[in-house]
Amino acid sequence: MTRILVVDDETALVELVQSYLEREQYEVLTATDGRAALDLAHTSQPDLVVLDVMLPILDGIEVCRQLRQFSDAYVIMLTARAEEIDKILGLTVGADDYLTKPFSPSELVARIKALLRRPRQTATALQRDTETPAPQHWEDLTIDEAQHEVTLHGQPIELTAREFALLLALAQHPGRVFTRAQLLERVWGDAYYDEHVVDVHIGNLRKKLEADPAHLHYLETVRGVGYRFRRRRE
């Protein structure tokens, strides 16, 4: 049974969402503060987390950041504020979708179903037990798909699962320009709702891989189109 963790300090909202999800035959766990949510996530390993931004003890942004250190559970963030900065922060730390309060429980259920239809990146990688792709090298950058590792100047670079999948999708086709929609389909699945998440993750990758933002070495922007991984220099 698919396990969903619902985290919100509004008890009535939690009970409402729980009732809708249990009608769909999901197993539902609940928490009302950030620390309890992380403890439950550690012990129960949910498949998806519905996470409010404004939480006591630890807010939802920090919960999501810590969650991403040990879990690939899908995350839908909830907020009572519609400002763009909230969305940017949520997507930066690894959220998969976003809903602004008040929202329809039916829409939340629909988005949950859409997320759960996507194959997880980690599960897909585990299924490739008959293949051992060779590491890819670009000057000082090495991408090892089999080991799920990236090194720069011989030093390991810490990437989230999404960042690694995005970098790999671009690096496997150097010089090819991908639109945001194409990258969403390859990395997040074609049911994703906000193309802005690609820009956020590209920005995060550049902070980790590019020494000089004014002179991009690996990840190039093609204005008005999308992104590409630079071809090897001859």
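Student: Which helix gives the most to the lining of the largest cavity?
Tutor: Helix 2, with three residues. Keep in mind that this is a predicted model.

Student: What makes a space a cavity here, and how many of 30 Å³ or more does the structure hold?
Tutor: The test is whether a 1.4 Å probe fits but cannot get out. The structure holds one such cavity of 30 Å³ or more. About 40 Å³ of space lies in the largest cavity.

Student: How do you know which residues line the largest cavity?
Tutor: A lining residue has an atom within 4 Å of a cavity point. Leu5, Val7, Ala37, Leu38, Ala41, Val49, Leu51, Val63 and Leu67 make up the lining. At least two residues each come from strand 1 (3-7), helix 2 (34-44), strand 3 (48-52) and helix 3 (60-67).

Student: Why is helix 7 called largely enclosed?
Tutor: Buried means under 20% relative accessible area. In helix 7 (residues 161-171), 11 of the 11 residues are buried, so the rest of the structure largely encloses this helix. Among the buried residues are Arg162, Glu163 and Phe164.

Student: What does helix 7 lie across?
Tutor: Strand 10, strand 11 and strand 12. Helix 7 runs at about 75 degrees to strand 12.

Student: What is the order of the strands in that open sheet?
Tutor: The order is 10-12-11, and the pairing is antiparallel.

Student: Why are strand 10 and strand 11 called edge strands?
Tutor: Strand 10 (178-179) and strand 11 (219-222) each pair on one side only.

Student: How do you know that strand 11 and strand 12 pair?
Tutor: Pairing needs at least two bridges. Strand 11 and strand 12 (residues 226-229) have four, in the antiparallel sense. The bridge partner of Glu220 is Arg228, in strand 12.

Student: Why is Gln25 called exposed?
Tutor: Exposed means over 50% relative accessible area. Gln25 has 57% relative accessibility, so Gln25 counts as exposed. Gln25 lies in the loop between helix 1 (11-23) and strand 2 (27-31).

Student: How far apart are Gln25 and Met1 in sequence and in space?
Tutor: They are 24 residues apart in sequence. In space, Gln25 and Met1 are 7.6 Å apart, C-alpha to C-alpha.

Technical notes. Residues are numbered from 1 along each chain as its sequence is written. This is a predicted model: local features need pLDDT of at least 70, side-chain atom pairs count only at pLDDT 80 or more; totals for chains, interfaces and linings use all residues. Side-chain values use heavy atoms; hydrogens and water are left out. Buried means under 20% relative accessible area, exposed over 50%, partly exposed in between (1.4 Å probe, protein chains only). On a 1 Å grid over the protein atoms alone, a cavity is a set of points where a 1.4 Å probe fits but cannot get out, and a pocket is an open set with protein on both sides within 12 Å along at least five of seven lines; lining residues have an atom within 4 Å of a point. Grid points are joined across faces, edges and corners, and a volume is the space filled by probe spheres set on the points. Contact means heavy atoms within 4.5 Å. Axes are lines fitted to C-alpha atoms, for helices over the stretch in contact, and angles run from 0 to 180 degrees between N-to-C directions.
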